[in-house]
Amino acid sequence: MANEKSSSTKICPTCGTRLSADAARCLVCGTNLSTPEKESRPGKAVQGSRMPEVTLSLPLVIGLLALFLGIGAILVYVALGQAAAPAAEVTETPTVTLTTTSTLTPTPLTPTPSNTPEPTLTPLPYTVKLGDTCGSIAYAFKVSVLSIVLQNNLPADCSTLIEGQLLQVPQPTATATALPTATLNPQEATEEACLKDYYTVQENDTLGGISLNYNVPMESIREYNGLVSDVVRFGQQLVIPLCDRETYGPTATPTLPPPYPPVTLLLPPDGAAFILADDVATLQWTTVGVLRENEAYAVTIEDVTEGQGRKLLQYVLDTKFIVPVSFRSPDSAPHVYRWWVVTVRQAGTDDDGNPIWEPAGAVSGSRVFIWASTAQAGTPVP
């Protein structure tokens, strides 16, 4: 039975479907069964049955890839278009800023050349010598101490001078330009009119002691020198406002009892030269305090070049004395003068009614200065 059943049917070589023996074409896959069996066997393969599955999925995959690539290209194109739009706007802004700056620069800068005449005055170089102070240098060059301090960036007390130090001293003509401004300010005009003295702090000096000797309030000394406390240092130079002595009044602390200590000579510095025609020799020294009614300062000036013949003795109540022009050297050559100061007290009067003076304290040290009767070439050398 089995052999009869196998001989009446046959199997499709392509899809394996069992068909009748006389079937000419497979009803499932449509394979032509009329060819001999041996010729159809080479076409029989395992891959042939799977080809329809691969061909059906491959176009779908390719289509999806093409769709994704198209969407990505559209997104990139949109992004590049948006990035290019601001760049075009940035390039437009510099053109606006260039036009505005070019219109503003020409006109407002034209008035600046009006200030050019100011730097015409150049300071004079000066080398500090032994014993020099800012006050003595300012007196020799006829300038203020403040101008020297500002020109050389020195401290307010001007206590850092060293022998051999090079200073730049402003020319006296520079102070003349400041006079109109001083007249407009009453406070500055009052300070200019105030008579000042310069004192170098000695060992064991205190601000209270200096105030007592000068009869000037400590507050005034602190204000004029910019001090923040009552501490003073050895060698420090102080400006003493003598115009405040009157306001201190007779109720001040009592003066030092006699004998008085020697005064300190202030100006001119030792060895100063007065060689110009209009030079005025002004002598200044420190005070011993409030003088009594019968006390004074005896100033002695001796012409060392002339010898022992020419000597001038003058009694004054102030701490300053202007040497009279008549005591200048009689010839054209410069003469050397020595001077010193001592405190004296009136002991009585002579037959002519003139006071008789006797020393009331120690004699100060002496200094010399040079004075000529005619103008000499060169600048004063302190």
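Visitor: How many helices and strands does the protein have?
Guide: In this predicted model, you'll find eleven helices and 15 strands. One of the helices is H5, covering residues 145-152.

Visitor: Asn152 lies in H5. Why is Asn152 called buried?
Guide: Its relative accessible area is 16%. Buried means under 20%, so Asn152 gets that label. As for the whole protein, buried residues make up 30% of its 382 residues.

Visitor: What does Asn152 touch, leaving out residues up to four places away in sequence?
Guide: Asn152 touches Leu166, Leu167 and Gln168.

Visitor: What makes the pair of Asn152 and Gln168 a polar contact?
Guide: A polar atom of the Asn152 side chain sits 2.8 Å from the backbone nitrogen of Gln168. The cut-off is 3.5 Å between N or O atoms, so on distance the pair passes.

Visitor: On to the strands, then. How do you know that S8 and S15 pair?
Guide: Pairing takes at least two bridges. Strand S8 (residues 272-274) and strand S15 (residues 367-371) have three bridges, in the parallel sense, so they count as paired. Ala273 stands opposite Ile370 of S15.

Visitor: And what makes S13 and S15 a pair?
Guide: Five bridges link S13 (residues 335-349) with S15, in the antiparallel sense. With at least two needed, that's a pair too. Here Val336 has Ile370 in S15 as its bridge partner.

Conventions. Residues are numbered from 1 along each chain as its sequence is written. This is a predicted model: local features need pLDDT of at least 70, side-chain atom pairs count only at pLDDT 80 or more; totals for chains, interfaces and linings use all residues. Side-chain values use heavy atoms; hydrogens and water are left out. Helices (H or I, at least four residues) and strands (E, at least two) are DSSP runs, numbered from the N terminus. Buried means under 20% relative accessible area, exposed over 50%, partly exposed in between (1.4 Å probe, protein chains only). A polar contact is a pair of N or O atoms within 3.5 Å; within protein, one must be able to donate a hydrogen and the other to accept it, and residues adjacent in sequence count only if both atoms are side-chain atoms. Contact means heavy atoms within 4.5 Å.
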